[in-house]
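The following is a walk through a structure, from whole chains down to single residues. Please keep the sequence and the 3D view at hand while reading.

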Amino acid sequence: MSGERIVRVAVAGWPAEPFWTRVRRRWLGPTQPWWGAAFTAPVLVLLVCFKFWPMSYAAWLSLTNASLTDRARRFIGVSNYVRLSHDTTFIGALETTARYVGATIAVSMVLGLALAVLINQKVPARGVFRTLLFLPAVVPLIVVPILWQFLFHPYGLVNNALKALGLHPVNWLLSPQGAVGALVVATAWRLTPLCMVIYLAGLQSIPGELYEAAKVDGAGAVRRFQSITLPMLKPTLLVVVVFAITLTVQNFVLALVMTGGGPDNASTTLSLFVYQTGFLGFQMGYASAAALVMLLIIVAFTVVSLRAFRIEE
Amino acid sequence: MSSATTAVRLRAHAATIALLLLLTGVTVVFLVPIFWMVSTSLKSNQHVFDLPIQWFPRRPLWSNYPTAYATVHFTRYLVNSAIVTGSVTILNVVLSALAGYGLAKYRFLGRHVLLLLILATLMLPLEVVMVPLYLTVQHLGWLNSYQGMVVPVSANALGVLMMRQYFLSLPDDLIAAAHIDGAGHLGTFLRIGVPLAWPALLTVAILIFQSTWDDFVWPFLVISSPSKATVPLAVQSFQSAETSNFPMLMAVSSIASVPLTVLFFVFQRQIISGVATTGMRH
């Protein structure tokens with residue numbers, strides 16, 4: 001750092017040096033800049049080919065009537081988007097996504113925070129609890145829907161537990177409400193441990209003296225949580241929100257395997273809609289338009305949460 | 001005095017015990033599904049829904065495991081998964097290390113833009129670009145091939161960002177000293193950067209390995225023949241063929257969970273801290 005500053009001072013105090021050399025030094029740095037670009041080039045090429053190019057290709061496809069089976073493509077303007085706005089399946093998928101993502105995130109964020117706060121106390125064997133509670137996140141993603149489909153079987157464990165509690169069994173996977181509820185539970189089961197671990201890292205970065213000082217001032221546990229933990233955890237909350245939203249909006253494996261989007265499209269989320277339209281319905285142009293809507297939602301939520309948490313700081 | 005301190009101590013003990021009980025309760029609830037998976041995998045099909053609930057099968061059918069392993073032909077899919085995950089991990093680690101080093105240790109035109117572009121790809125999940133990506137891979141003639149599964153996911157923003165963060169903490173003086181000693185740019189990277197960065201390299205490798213092994217969507221779209229399928233695809237196709245043979249389904253699921261569970265217990269520290277910090281990068 002200090003060496004860099006000395007170089008800059010020397011450059012600035014050298015009137016004989018040509019302007020462009022100065023600019024070059026200022027912007028490109030003291031060492032050969034090509035090497036930096038060369039080191040970064042392979043990743044850049046791959047990201048351009050398999051991220052940015054598909055992205056722009058999707059934008060173009062969404063304006064065509066591209067199909068997986070037919071090579072001929074015609075530019076049809078914004079017709080796909082107009083069609084989306086009238087498509088009841090798509091509108092239904094938007095609603096389902098809102099309910100599914102909202103409920104999943106609420107459950108895993110609150111539960112994850114509660115677990116992290118519990119484990120962060122001075123409990124014996126907290127490491128063991130952390131390890132055990134993380135295990136649902138270790139179960140392979142493809143196993144999660146298979147396992148929960150079994151647990152949500154009409155005679156399965158979940159309904160047995162409900163009966164033991166004196167509640168009515170629910171027809172989970174075959175009723176519209178139950179299917180979304182089952183998806184929420186299964187997703188939250190796998191997401192909560194991940195949230196918990198991120199929270200824990202945030203909690204451990206809060207200096208202990210703050211709590212000691214508050215205790216001396218006579219603040220109770222609830223007060224300490226409200227006035228110290230929550231405000232200090234704000235950056236972590238932001239991380240968890242963005243992480244959880246991106247993960248739940250994009251994921252369609254659970255819906256695909258557990259409910260197949262049914263009954264009667266009741267549990268079809270946006271990403272499942274994109275998959276079904278593009279790869280089962282062969283309508284690549286129409287699916288691309290829906291995919292762009294999905295991207296818009298992810299970006300909007302990320303930007304909104306970034307703003308919301310930054311303004312309050 | 002002394003009775004007051006005993007009272008305080010007693011109350012602290014009671015609080016600890018209450019906390020322990022609560023934590024144990026929650027942990028049990030979270031682990032029951034996994035326990036039930038293993039328990040069911042050792043039952044016969046007609047005893048799956050027996051009431052009262054048989055938490056431990058009366059006569060465990062251990063033979064379910066060899067049967068499940070043989071029916072699914074796990075060996076073939078484990079080999080495929082190893083090939084794909086291994087290549088993706090190696091490519092990712094090498095490319096991330098190179099790019100992270102370039103972004104952290106060189107000042108060149110557009111590096112801030114480049115960093116932002118790489119960051120932006122974090123908001124661009126596979127599911128958003130799966131349609132055009134599929135068409136691109138189809139155009140390249142890579143459908144139903146290993147390179148089709150590997151190359152499109154061989155560069156990852158998270159790996160680059162983690163490596164950049166690590167190399168930023170590496171003192172510039174070390175690199176300058178190596179340059180003075182006459183080492184070239186690549187030589188400095190290989191002899192100074194890489195050996196010092198191995199903890200970060202290991203973390204990136206583990207995280208990439210885990211997520212690639214676990215990935216279902218991309219192989220599912222690209223692969224159509226069973227000969228190139230990975231473990232998750234095999235599990236899914238077994239599930240769609242045997243929807244109601246629960247002991248077999250749970251045995252297959254348990255077998256499929258073994259590799260990632262072993263990985264977790266061996267590299268627990270890296271995986272947990274990796275999850276905690278990759279969240280931080282956003």
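This is a predicted model: local features need pLDDT of at least 70, side-chain atom pairs count only at pLDDT 80 or more; totals for chains, interfaces and linings use all residues.

For the complex, the predictor gives an ipTM of 0.89 and a pTM of 0.86. In chain B the average pLDDT is 87, and 97% of the residues score at least 70.

Chain A has 313 residues, of which 39% count as buried. Its secondary structure consists of 15 helices and zero strands. If one takes the contacts in chain A between residues at least 6 apart in sequence, 66% of them join residues at least 24 apart.

The domain assignment comes next. Chain A is divided into domain 1, residues 2-80, and domain 2, residues 83-311. Where these two parts touch, domain 1 of chain A contributes 12 residues and domain 2 of chain A contributes 11 residues. On the domain 1 side, helix 3 (33-61) and helix 4 (79-86) of chain A each supply at least two residues. Helix 3 of chain A gives the most to that side, with three residues. By class, the domain 1 side that touches domain 2 of chain A holds five nonpolar and seven polar residues, with no charged ones.

Chain B is also assigned two domains, domain 1 (2-62) and domain 2 (73-241). Taken over C-alpha atoms, the centres of domain 1 and domain 2 of chain B are separated by 39 Å.

Now to the contact between the chains. How many residues of each chain take part? In this contact, 69 residues of chain B meet 75 residues of chain A. Several helices of chain B give two or more residues to the side that touches chain A. Among them are helix 1 (2-41), helix 3 (74-105), helix 4 (111-120) and helix 5 (126-139) of chain B. Further along chain B, helix 11 (217-222), helix 12 (231-241), helix 13 (246-266) and helix 14 (268-280) also belong to this group. Helix 1 of chain B gives the most, with 13 residues. Sorted by class, the side of chain B that touches chain A has 50 nonpolar residues, 15 polar residues and four charged residues.

A helix pair in chain A can be followed in detail. The axes of helix 10 (residues 208-216) and helix 11 (residues 221-232) of chain A come within 11 Å and cross at roughly 145°. The crossing of helix 10 and helix 11 of chain A is right-handed. From helix 10 of chain A, the residues that make the contact are Leu210(A), Tyr211(A) and Ala214(A), and from helix 11 of chain A they are Arg224(A), Ser227(A) and Ile228(A). By class, the contact between helix 10 and helix 11 of chain A has four nonpolar residues, one polar and one charged.

Gly208(A) also lies in helix 10 of chain A. Is Gly208(A) buried or exposed? Gly208(A) counts as exposed because it has 8 other C-beta atoms within 10 Å, and the cut-off for exposed is 12 or fewer. The C-alpha atom of Gly208(A) is separated by 45 Å from that of Leu292(A), which is 84 residues apart from it along the chain.

Two loop residues of chain A stand out by their backbone angles. Most residues other than glycine have a negative phi. Asp264(A), however, has a phi near 55°, a positive value in a residue other than glycine. Asp264(A) sits in the loop between helix 13 (253-258) and helix 14 (270-280) of chain A. With 10 other C-beta atoms within 10 Å, Asp264(A) is exposed. Phe282(A) has a phi near 65°, again a positive value in a residue other than glycine. Its place is the loop between helix 14 and helix 15 (284-311) of chain A. Phe282(A) has 14 C-beta neighbours inside 10 Å and therefore counts as partly exposed.

Phe267(B) lies in the loop between helix 13 and helix 14 of chain B. Phe267(B) has 18 other C-beta atoms within 10 Å and so is partly exposed; a residue needs 20 or more to be buried. The C-alpha atoms of Phe267(B) and Phe49(B) are separated by 37 Å, and the two residues are 218 residues apart along the chain.

Conventions
Residues are numbered from 1 along each chain as its sequence is written. Chains are lettered from A and ligands numbered from 1 in the order in which they are written. Helices (H or I, at least four residues) and strands (E, at least two) are DSSP runs, numbered from the N terminus. Two residues are in contact if their C-beta atoms, placed from the backbone, lie within 7 Å. Ala, Val, Leu, Ile, Met, Phe, Trp, Tyr, Cys and Pro count as nonpolar, Asp, Glu, Lys and Arg as charged, and the others, Gly among them, as polar. pLDDT is the predictor's confidence in each residue, from 0 to 100. Axes are lines fitted to C-alpha atoms, for helices over the stretch in contact, and angles run from 0 to 180 degrees between N-to-C directions. A crossing is left-handed if the near helix is turned anticlockwise from the far one by less than a right angle, and right-handed if clockwise. Domain bounds come from an automatic or database domain assignment.
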